[in-house]
Amino acid sequence: MNEFVPEAETAPEETADAETWRDETDDGADALADALAGDDLVGRAGMPLQPGMPPVDSDEPIVAALREVHDPEIPVNIYDLGLIYDILRSEDGDVKIRMTLTAPGCPVAGELPEEVALTVSRVPGVGIVEVYLVWDPPWTPDCMTEAARMLLDYF
C-alpha cells in the first residue's frame, strides 16, 4: 500500500478527526478503507502517472490549484474558505482530499467536488484524485484563513 505524506504546514488548522484519519491511512490498505468508509466519494479525476514520472513532492502545487477553485456564491477560494480538511498524497502520485461545504444544502454540492478533482488532477505529478465529502466536523466561519476573513470583512 502507498504511504501517505502529511499535508503542508500552510494548511488551515486541523481537527482531531482529520488527524485521526491521517494516522489511520498510515496503517495500510485496510485502515485506509476503514477510514474512508464513512465518507462519501463524490469526485474522481485523473489517471495513474506514467512509469518514470515523479509524483508531486509537496502539497504546495496542490494548494495552489485548490486556490483557483471558488465557491460561486462567495468571492473566496475554497482553500482559504476552509473547505479543505485534508490532502493526502501517495508515493504513486494519487491524491485523496477530504472536503466539506458551507452547508449540507449547498447548491454546488454536486459540482464543486468534481471541479476540485479535475483541477487537482491537472497538477504535474498528480495521478488519480479522489474527493471525499464530509460533514463532521461541520464548517464554520472559524475555518477560514485570515486572508478570507479580511476579504469578507469577517472579524
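Student: What pattern does the protein chain follow when read along the sequence?
Tutor: Please keep in mind that this is a predicted model. Read along the sequence, the chain follows α-α-β-α-β-β-α-β-α. The secondary structure comes to five helices and four strands.

Student: What percentage of the residues in the protein chain is buried?
Tutor: Of the 155 residues in the protein chain, 48% are buried. The accessible surface comes to about 8000 Å², and carbon and sulfur atoms account for 52% of that surface.

Student: How much of the contacts with a separation of 6 or more comes from residues 24 or more positions apart?
Tutor: Such residues account for 71% of those contacts in the protein chain.

Student: How many salt bridges does a search of the whole structure find?
Tutor: The search finds five. One of them joins the side chains of Asp59 and Arg89, at 2.5 Å from N to O. This pair links distant parts of the chain: Asp59 sits in the loop between strand E1 (40–45) and helix H3 (60–66), whereas Arg89 belongs to strand E2 (residues 84–89), 30 residues apart.

Student: Is Asp59 buried or exposed, and is Arg89 buried or exposed?
Tutor: The general idea is that a residue counts as buried when its relative accessible area is under 20%. Asp59 has a value of 2% and is therefore buried. Arg89, at 6% relative accessibility, also counts as buried.

Student: Which residue meets Arg67 in a salt bridge?
Tutor: The side chain of Arg67 meets that of Asp80, with 3.0 Å from N to O. Both Arg67 and Asp80 lie in the loop between H3 and E2, 13 residues apart. Arg67 is partly exposed, with a relative accessible area of 35%, whereas Asp80 counts as buried at 10% relative accessibility.

Student: With which residue does Glu130 form a salt bridge?
Tutor: Glu130 forms a salt bridge with Lys96, and their closest N and O atoms are 2.9 Å apart. Glu130 lies in strand E4 and Lys96 in strand E3 (residues 95–99), so the pair ties together parts that are 34 residues apart in sequence. Glu130 counts as buried at 10% relative accessibility, and Lys96 counts as buried at 13%. Salt bridges that share partners join Arg44, Lys96 and Glu130 into one network.

Student: How many disulfides does a search of the whole structure find?
Tutor: A disulfide is a covalent bond between the sulfur atoms of two cysteines. The search of this structure finds zero disulfides. As for individual cysteines, Cys106 is buried, with a relative accessible area of 10%, while Cys143 is partly exposed, with 22%.

Student: Let us turn to a single residue. Where does Thr119 lie?
Tutor: Thr119 lies in helix H4, which spans residues 112–121. Its relative accessible area is 12%, so Thr119 is buried. A polar atom of the Thr119 side chain lies 2.8 Å from the backbone oxygen of Glu115.

Student: With which residues is Thr119 in contact, leaving aside its neighbours within four places in sequence?
Tutor: Thr119 is in contact with Ala65, Glu68 and Val69. A further way to read its setting is to compare distance in sequence with distance in space. Thr119 and Ala45 are 74 residues apart in sequence and 8.6 Å apart in space, C-alpha to C-alpha.

Student: Is the peptide bond from Asp136 to Pro137 cis or trans?
Tutor: Most residues other than glycine have a negative phi, and most peptide bonds are trans. The bond from Asp136 to Pro137 is cis, with omega near 5 degrees. Pro137 is placed in the loop between strand E4 (129–133) and helix H5 (146–151).

Student: Is the phi of Asp153 positive or negative?
Tutor: Asp153 has a positive phi of about 55 degrees, although it is not a glycine. Asp153 is found in the segment after H5. With a relative accessible area of 64%, Asp153 is exposed.

Student: Which residues make the nonpolar surface patch of about 280 Å²?
Tutor: Leu151, Leu152 and Tyr154 make this patch. Leu152 lies in the segment after H5. Leu152 is partly exposed, with a relative accessible area of 30%.

Conventions: Residues are numbered from 1 along each chain as its sequence is written. This is a predicted model: local features need pLDDT of at least 70, side-chain atom pairs count only at pLDDT 80 or more; totals for chains, interfaces and linings use all residues. Side-chain values use heavy atoms; hydrogens and water are left out. A disulfide is a pair of cysteine sulfur atoms within 2.5 Å. Buried means under 20% relative accessible area, exposed over 50%, partly exposed in between (1.4 Å probe, protein chains only). Helices (H or I, at least four residues) and strands (E, at least two) are DSSP runs, numbered from the N terminus. Contact means heavy atoms within 4.5 Å. A polar contact is a pair of N or O atoms within 3.5 Å; within protein, one must be able to donate a hydrogen and the other to accept it, and residues adjacent in sequence count only if both atoms are side-chain atoms. Patches are made of residues with over 30% relative accessible area and no salt bridge: like charges are joined within 9 Å, nonpolar side chains (Val, Leu, Ile, Met, Phe, Trp, Tyr) within 5 Å. Accessible areas come from the Shrake-Rupley method with a 1.4 Å probe; for residues, only the protein chains shown count as cover. A salt bridge is a side-chain nitrogen of Lys or Arg within 4 Å of a carboxyl oxygen of Asp or Glu.
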